[in-house]
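Biologist: Could you walk me through this model? I would like to start with its pockets and then look at its helices.

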Amino acid sequence: MIKMKVLLIPLSNFEKSIIDELITHLSSYGFEVDILLERKFLPISAFNWDRLQFDAEKILKFFRNIYDFNYNSIIFIADIDGYVDNYNFIFGLSIERYAIVFTTRLREEFYNRKPNLLIFSERIIKEVTHELGHTLGLRHCNNNSCVMKFSNNIDEVDKKGKYFCEKCRYKINEKISKYLQQK
């Protein structure tokens with residue numbers, strides 16, 4: 001059976017348990033999930049020395065020129081801090097079928113709290129799933145428990161769920177059906 005394919009590319013070292021949970025979570029939606037573990041380096045030209053953050057659009061533009069794999073979604077995960085113009089920071093960004101998730105602000109220690117692998121893992125799952133939704137054409141959702149709810153801060157990430165609401169799930173199923181009909 002043909003499935004929509006998702007490629008995860010960690011740009012930093014993450015605990016194997018987090019990667020395994022991500023694969024399990026995304027696979028539960030029927031996606032074929034692969035992971036590329038070869039070490040990739042971020043372009044220094046994407047680093048903004050005034051802000052001490054990486055420009056998300058520059059990173060995605062750089063990697064879009066490198067990766068043209070046959071995947072419906074390609075999601076990079078980096079333990080760095082990212083931004084786009086007009087925002088102090090972002091948790092992630094997607095452009096077409098490419099996305100990046102920044103995990104620095106998903107860590108408890110960023111907020112001067114004790115590290116918590118369980119909370120960190122849950123936040124990564126939410127943000128990767130959120131960006132995957134964008135790569136499939138979903139917009140932000142008004143449902144407070146939907147993973148597609150926009151998050152302005154870490155408290156809002158914690159409040160939303162890690163699953164698509166019924167309305168967003170329906171849209172994804174439509175997208176998957178159209179994709180399968182074309183194959």
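Biologist: By class, how many charged residues does the lining of the second largest pocket have?

Modeller: This is a predicted model, where local features need pLDDT of at least 70, side-chain atom pairs count only at pLDDT 80 or more, and totals for chains, interfaces and linings use all residues. Residues are numbered from 1 along each chain as its sequence is written, and side-chain values use heavy atoms, with hydrogens and water left out. Ala, Val, Leu, Ile, Met, Phe, Trp, Tyr, Cys and Pro count as nonpolar, Asp, Glu, Lys and Arg as charged, and the others, Gly among them, as polar. In that lining there are eight nonpolar and two polar residues, and the charged ones number four.

Biologist: Which helix gives the most to the lining of the second largest pocket?

Modeller: Helices (H or I, at least four residues) and strands (E, at least two) are DSSP runs, numbered from the N terminus. Pro-10, Phe-14, Ile-19, Ile-35 and Leu-37 lie nearest the centre of this pocket. With four residues, the top contributor to its lining is H1.

Biologist: Is H1 oblique or parallel to H3?

Modeller: The axes (lines fitted to C-alpha atoms over the stretch in contact, with angles from 0 to 180 degrees between N-to-C directions) of H1, residues 16-27, and H3, residues 117-135, come within 10 Å and cross at roughly 40°. Angles under 35 degrees count as roughly parallel, over 145 as roughly antiparallel, 65 to 115 as roughly perpendicular and the rest as oblique. Therefore H1 is, relative to H3, oblique.

Technical notes. On a 1 Å grid over the protein atoms alone, a cavity is a set of points where a 1.4 Å probe fits but cannot get out, and a pocket is an open set with protein on both sides within 12 Å along at least five of seven lines; lining residues have an atom within 4 Å of a point.
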